[in-house]
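Biologist: I have a model open and would like to go through it with you. Can we take it piece by piece?

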Amino acid sequence: MRAFRLRLPSLAGLLFVLASATVSAQTGRIVIAHRGASGYLPEHTLAAKAMAYAMGAHYIEQDLVMTRDDRLIVLHDITLDRTTDVAQRFPDRARADGHFYAIDFDLAEIRQLQATEGFRLVDGERGSGYANRFPLGQSSFTVPTFAEEIELIQGLNHSTGRDVGIYPEIKQPEFHRAEGKDISSAVVAMLRRYGYTAREHKVFLQTFSFAELEIISSEILPEAGIDIRLIQLLGDPDAYPWMFEAGGMNILAEHAHGIGPAHPLIIDPASTPDALRISQLVERAHAAGLAVHPYTFRADPGQLPAYADSFADLLEKHYFTAGVDGLFTDFPDLAVQFLRARP
Ligand code: CA
């Protein structure tokens, strides 16, 4: 069993090289809606997901954390502080560090919260993270469960005839384990329940934790009897220096289908339009048979790296100069339009 599993990546790698050649010829690169159409509506609300769907995203992302009563909810942080009114509604429920952890609340309590555009507190006042985005505290939004979101996307697939995928991320698995919760097994069980059981199904399961990725790949998926594509996220290069060394991607390919690196790991932000400094990451990942889906591409004022002339140029340099297979963006409409217009 073990030897068989270890041989799979090289075969998968070969198939991927063949598949990517075909897909690229049809501009088959993918757009992943990061937290939904989060450039326009509060992140991880069902409204933001429906908008991303309507904009033509190929995959829609869910960040997942667990409640006290073991329900999976779609929330970026393990705390409710930044995107809900938890501090007003449950003022005495913060931990000693001042934060309101989702894992300390039952789903019925989280259902009472209003979700908003993300904010930070400046001198006790809520300030928007991005001034141009959806106004704070307006309209009415809630924190969805993972099941509700899958049902939304599958329901839209049914009513539109499209086949949009899901792209769930297991948030801070070590934190969940320390709190006595095996979030990965819960996520895999939910995927199985909704029919995401094989590599050709439209799901990528992502995490920053390589230790967890190994557990999912070697134990949880085989025990559940399913085999889906896993993505290793990469942020701080010091977290796993070996991944950036020659051969690192081959080791990773024993467990992952692809990588999701922060985009500065692909194109150095100190690049200029005339001197683009592209790292070896995409080349090495592709050589190991891994797909590359960098994050996060934002069209807000002030977010464009100096080496790009426009948001479209930023996409061009990643999709076609660096050669990535897909990317996470808060503005899925712009990436979809870019790919459709590109000859
Ligand atoms: Ca994420």
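Biologist: Where is T296 found?
Modeller: T296 sits in the loop between β10 (291-292) and α11 (311-322). Helices (H or I, at least four residues) and strands (E, at least two) are DSSP runs, numbered from the N terminus. Before going on: this is a predicted model, where local features need pLDDT of at least 70 and side-chain atom pairs count only at pLDDT 80 or more, while totals for chains, interfaces and linings use all residues. Residues are numbered from 1 along each chain as its sequence is written, and side-chain values use heavy atoms, with hydrogens and water left out.

Biologist: Is T296 buried or exposed?
Modeller: T296 has a relative accessible area of 10%, so it counts as buried. The cut-offs are under 20% relative accessible area for buried, over 50% for exposed, and partly exposed in between (1.4 Å probe, protein chains only).

Biologist: And which residues does T296 touch?
Modeller: Leaving out residues up to four places away in sequence, T296 touches H34, H263, F328 and D330. Contact here means heavy atoms within 4.5 Å. With H34 there is also a polar contact, side chain to side chain, at 3.5 Å. A polar contact is a pair of N or O atoms within 3.5 Å; within protein, one must be able to donate a hydrogen and the other to accept it, and residues adjacent in sequence count only if both atoms are side-chain atoms.

Biologist: You mentioned D330. What does its side chain meet in a salt bridge?
Modeller: R133, at 2.8 Å from N to O. D330 lies in the loop between β11 (326-329) and α12 (332-341), and R133 in the loop between β5 (125-128) and α5 (146-160), so the pair ties together parts that are 197 residues apart in sequence. D330 and R133 are both buried.

Biologist: How many salt bridges are there by your rule?
Modeller: The count comes to 23. The rule asks for a side-chain nitrogen of Lys or Arg within 4 Å of a carboxyl oxygen of Asp or Glu.

Biologist: Give me another one. What about E43?
Modeller: E43 forms a salt bridge with R35, and the closest N and O atoms are 2.9 Å apart. E43 is buried at a relative accessible area of 12%, and R35 is also buried, at 12%.

Biologist: How exposed is D268, then?
Modeller: D268 is partly exposed, with a relative accessible area of 23%. Its side chain meets R277 in a salt bridge of 2.8 Å, N to O. R277 counts as partly exposed too, at 48%. Elsewhere, salt bridges that share partners join R35, E43, D77 and R82 into one network.

Biologist: Switching to the metal. Which protein donors does the calcium ion have?
Modeller: E61 (OE), D63 (OD) and E169 (OE), lying 2.1 to 2.4 Å from the ion. Donors are N, O and S atoms within 2.8 Å of the metal (3.2 Å for Na, K and Ca); water is not among the atoms, so sites may look incomplete. Along the chain the spacing reads E-x1-D-x105-E. D63 and E169 are both buried.

Biologist: How many residues of β2 are buried?
Modeller: Eight of its eight residues. Y59, E61, D63 and V65 point one way, and I60, Q62, L64 and M66 the other way.

Biologist: What does β2 pair with?
Modeller: Six bridges join β2 to β6, running parallel, and E61 stands opposite Y167 in β6. Strand β1 (residues 30-33) pairs with β2 in the parallel sense over two bridges. β3 is joined to β2 by three bridges and runs antiparallel. Two strands pair if DSSP finds at least two bridges between them. β2 and β3 form a hairpin with five residues between them, and D70 in the turn has a positive phi of about 65°.

Biologist: Last topic. What pLDDT does the protein average?
Modeller: It averages 92, and 92% of the residues score at least 70. pLDDT is the predictor's confidence in each residue, from 0 to 100. Where pLDDT is low, the predicted coordinates should not be read in detail.
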